[in-house]
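Here are my notes for you on this one. Have the structure open beside you and go through the points in order.

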There are 2 protein chains.
Amino acid sequence: MGHSQKEKDRSHERIIQEAAAKVREAGLDGVAVAELMQTVGLTHGGFYRHFESRDELVAQAVERALKDGGSAVLAVTHSEAPAAEILGRLIDAYLSEAHRDNLGTSCAVSALVSDVVRGGDRVRAPYTDQVGSYIELLAKLIAPTRNKDRRAKGIAALSSLVGALSLARAVNDPALSREILKASASELKRQLL
Amino acid sequence: MGHSQKEKDRSHERIIQEAAAKVREAGLDGVAVAELMQTVGLTHGGFYRHFESRDELVAQAVERALKDGGSAVLAVTHSEAPAAEILGRLIDAYLSEAHRDNLGTSCAVSALVSDVVRGGDRVRAPYTDQVGSYIELLAKLIAPTRNKDRRAKGIAALSSLVGALSLARAVNDPALSREILKASASELKRQLL
DNA sequence: ATTATCTATAGATCTATAGATAATGC
DNA sequence: ATTATCTATAGATCTATAGATAATGC
């Protein structure tokens with residue numbers, strides 16, 4: 001009860017981090033203030049000294065979730081390997097069963113698609129930015145040899161990645177889910193590498 | 001107040017139909033009993049003579065929404081034209097601005113992805129079935145000439161369609177949204193036709 | 001003295017139910 | 001008489017606030 005400013009900052013950070021995971025698992029409506037604070041080890045009353053409102057927290061949690069995913073992808077990218085090899089690793093990581101199964105730490109562009117469609121500009125603006133940087137990143141990694149329109153290929157690749165991961169998660173049948181990941185990954189690599 | 005059985009059947013049908021639209025627009029959590037009944041022109045009290053619970057309605061609404069989309073796609077398919085032409089029309093229709101902008105009557109496989117991931121088996125089972133039939137439909141339309149693995153190509157095509165439509169909706173920027181639709185459609189057609 | 005967190009609760013929203021009302025249909 | 005719908009409300013859940021409590025930090 002009643003601690004230092006440093007401790008408040010740590011509490012604040014833990015609330016956002018937990019909310020960034022929860023929002024990917026349960027959606028924008030799935031974050032409940034009392035439950036969130038309990039998970040962090042606090043009571044719900046203190047919440048409003050950290051955030052002006054639930055909406056404000058959700059907006060910040062979405063931004064954080066988008067950045068989390070972005071830096072995870074960039075981590076794969078930072079390498080001296082040739083672009084084609086990096087692109088292959090990116091596709092494999094994005095469409096892996098591990099990525100599919102760990103919603104809370106996963107790419108928010110996939111985890112939050114449907115939610116963002118129904119969300120306000122406060123969540124759509126950072127989402128749009130993140131989509132833009134993924135497109136640029138993919139376009140840079142795609143070889144310009146065959147067809148010169150790298151940007152179009154980058155867009156199509158992002159659509160495939162997001163669609164395949166989302167479908168693999170939604171589907172009830174483990175065999176079909178795995179098949180969706182495998183087929184989409186191998187088709188993407190066949191087209192781009 | 002208090003009418004015939006025929007009228008009850010019509011009320012029942014209108015409730016499901018309205019819920020099937022609302023669920024695509026607002027998600028599984030976005031359907032509120034009182035609001036729904038008001039839209040249909042009834043009061044909320046009568047709802048429980050039509051459905052055992054809200055969950056029961058949502059499950060039925062999702063099934064209906066999936067079938068709606070399925071029959072819309074089949075309508076494009078029923079034609080004497082060659083498979084390649086039908087496939088082209090399907091891609092153009094799915095990735096059209098009209099489809100993007102009319103959530104309530106759109107394909108539920110795209111509109112409900114994130115929601116279904118968080119939903120119970122009651123919604124995931126019919127969703128999985130619908131994904132299965134789309135894959136089969138696409139596989140049949142894909143020419144077996146170049147590469148014999150039509151099923152893998154069907155899966156990859158569905159992923160692209162769902163991902164592109166979802167991203168085009170989520171994004172804040174109209175120009176980027178159009179670009180996503182155009183680029184994904186032309187890449188898909190370049191690969192498959 | 002200040003402030004981070006806690007306890008308690010008001011107020012709004014939503015699902016579900018009970019009993020009343022006004023039609024239908026044998 | 002039966003029943004489809006309506007009115008009224010109980011009960012649960014959730015956001016937000018007010019005031020109390022127990023630490024920090026000058």
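**How the two chains meet**

1. Start with the shared surface: 100% of the interface residues of chain A are also interface residues in chain B, so the copies meet through the same surface. In numbers, 51 residues of chain A are in contact with 51 residues of chain B, contact meaning heavy atoms within 4.5 Å.

2. A word on the ground rules. This is a predicted model, where local features need pLDDT of at least 70, side-chain atom pairs count only at pLDDT 80 or more, and totals for chains, interfaces and linings use all residues. Residues are numbered from 1 along each chain as its sequence is written, chains are lettered from A and ligands numbered from 1 in the order in which they are written, and side-chain values use heavy atoms, with hydrogens and water left out.

3. How much area is buried between chain A and chain B? About 3,800 Å², of which carbon and sulfur atoms give 58%; this is the accessible area (1.4 Å probe) that two parts lose on being put together, summed over both. A:R118, A:L167 and A:N172 supply 16% of what chain A buries against chain B, more than any other three residues.

4. The interface of chain A and chain B has 6 salt bridges, each a side-chain nitrogen of Lys or Arg within 4 Å of a carboxyl oxygen of Asp or Glu. One of them pairs A:E179 with B:R151, with the closest N and O atoms 2.5 Å apart.

5. Another bridge is A:D115 to B:R118, at 2.7 Å, N to O. A:D115 sits in helix 7 of chain A and B:R118 in helix 7 (residues 113-118) of chain B, so the pair joins two chains; helices here are DSSP runs (H or I, at least four residues), numbered from the N terminus. A:D115 is buried at 9% relative accessibility, while B:R118 is partly exposed at 28% (buried is under 20% relative accessible area, exposed over 50%, partly exposed in between; 1.4 Å probe, protein chains only).

6. Finally, look within chain A: A:D92 and A:K189 form a salt bridge (2.6 Å, N to O). A:D92 is in helix 4 (residues 83-94) and A:K189 in helix 10, 97 residues apart.
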